[in-house]
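User: I would like to learn how to read helix packing in a model. Can you take me through it step by step?

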Amino acid sequence: MVGGEAAAAVEELISGVRRATDFAEQFRTYSESEKQWKARMEFILRHLPDYRDPPDGGGRLDQLLSLSMVWANHLFLGCSYNKDLLDKVMEMADGIEVEDLPQFTTRSKLMKKHQS
């Protein structure tokens with residue numbers, strides 16, 4: 001019977017992952033590529049347990065979605081943000097692997113290069 005219990009536990013785990021993925025799918029924006037969405041969905045799913053809205057509301061889920069967009073915009077579009085905010089999202093994303101990221105040159109780097 002241990003094998004049956006293990007199989008049931010695995011099936012429950014898979015079912016839970018599917019439910020979480022289906023839940024997160026509603027937050028995909030129409031302009032996100034598959035690569036961008038997979039990375040942002042991983043960010044969301046990783047932190048979803050900590051940002052679930054309490055029964056009385058509170059907007060914790062909105063905060064998580066905003067943080068995920070900050071991270072994705074910085075990574076994929078080169079957007080810059082307040083250092084503390086950027087530090088927070090980069091820490092939250094620690095360990096999320098994204099391949100072939102675009103390379104951006106900041107305005108300050110361009111100005112330094114031009115002055116040389």
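Predicted model: local features only at pLDDT ≥ 70, side-chain atom pairs only at ≥ 80, totals over all residues.

User: Where do I start with helix 4? Which of its residues are buried?

Analyst: Start with the general idea. An α-helix has 3.6 residues a turn, so residues three or four places apart point the same way. Now the case here. Helix 4 spans residues 83–92, and Leu 86, Val 89 and Met 92 are buried in it. These residues sit on the same side of helix 4, because they cover an arc of only 125° around the axis.

User: Which residues are exposed on the other side of helix 4?

Analyst: Lys 83, Asp 84 and Glu 91 are exposed there.

User: And what covers the buried residues of helix 4?

Analyst: The cover includes helix 2 (34–51) and helix 3 (60–77).

User: What should I look for at the start of helix 4?

Analyst: Look at Asn 82. One of its side-chain oxygens comes to within 2.7 Å of the backbone nitrogen of Asp 84.

User: How do I describe the packing of two helices?

Analyst: Two packed helices are described by the angle between their axes and the distance between the axes. Take helix 3 and helix 4. Their axes are 10 Å apart, and the packing angle is about 95°. Helix 3 is therefore roughly perpendicular to helix 4.

User: Which residues make that contact between helix 3 and helix 4?

Analyst: From helix 3 come Gln 63, Leu 64, Leu 67, Val 70, Trp 71, His 74 and Leu 75. Helix 4 brings Leu 85, Leu 86, Lys 88, Val 89, Met 90 and Met 92. Sorted by class, this contact has 10 nonpolar, 2 polar and 1 charged residues.

User: At what angle do helix 2 and helix 4 cross?

Analyst: They cross at roughly 100°, and their axes come within 10 Å. So helix 2 is roughly perpendicular to helix 4. On the helix 2 side, Phe 43, Arg 46, His 47 and Tyr 51 make the contact. The classes here are 4 nonpolar, 1 polar and 2 charged residues.

User: Let me zoom in on His 47. Is His 47 buried or exposed?

Analyst: The cut-off for buried is under 20% relative accessible area. His 47, in helix 2, has 12% relative accessibility, so it counts as buried. Leaving out residues up to four places away in sequence, His 47 touches Leu 64 and Met 92.

User: What does Gln 36 touch?

Analyst: Gln 36 is also found in helix 2. Its relative accessible area is 19%, so Gln 36 is buried. With residues up to four places away in sequence left out, Gln 36 touches Ser 31 and Phe 76.

User: How far apart are Glu 25 and Met 41?

Analyst: Glu 25 and Met 41 are 16 residues apart in sequence, and 7.7 Å apart in space from C-alpha to C-alpha. Glu 25 lies in helix 1 (residues 2–25). Glu 25 has 35% relative accessibility, so it counts as partly exposed.

User: One backbone feature to finish. Where does Asp 100 lie?

Analyst: Asp 100 is in the loop between helix 4 and helix 5 (107–115). Check its phi. Asp 100 is not a glycine, yet its phi is positive, at about 55°. Its relative accessible area is 68%, so Asp 100 is exposed.

Definitions and conventions: Residues numbered from 1 in each chain as written. Heavy atoms only, no water. Buried < 20%, exposed > 50% of the residue type's maximum accessible area, 1.4 Å probe, protein only. Helix = DSSP H or I, 4+ residues; strand = E, 2+ residues; numbered from the N terminus. Arc of directions from axis to C-beta. Contact = heavy atoms within 4.5 Å. Polar contact = N/O pair within 3.5 Å; in protein donor to acceptor, adjacent residues only side chain to side chain. Axes fitted to C-alpha atoms, helices over the stretch in contact; angles between N-to-C directions. Parallel < 35°, antiparallel > 145°, perpendicular 65-115°, else oblique. Nonpolar A, V, L, I, M, F, W, Y, C, P; charged D, E, K, R; others polar.
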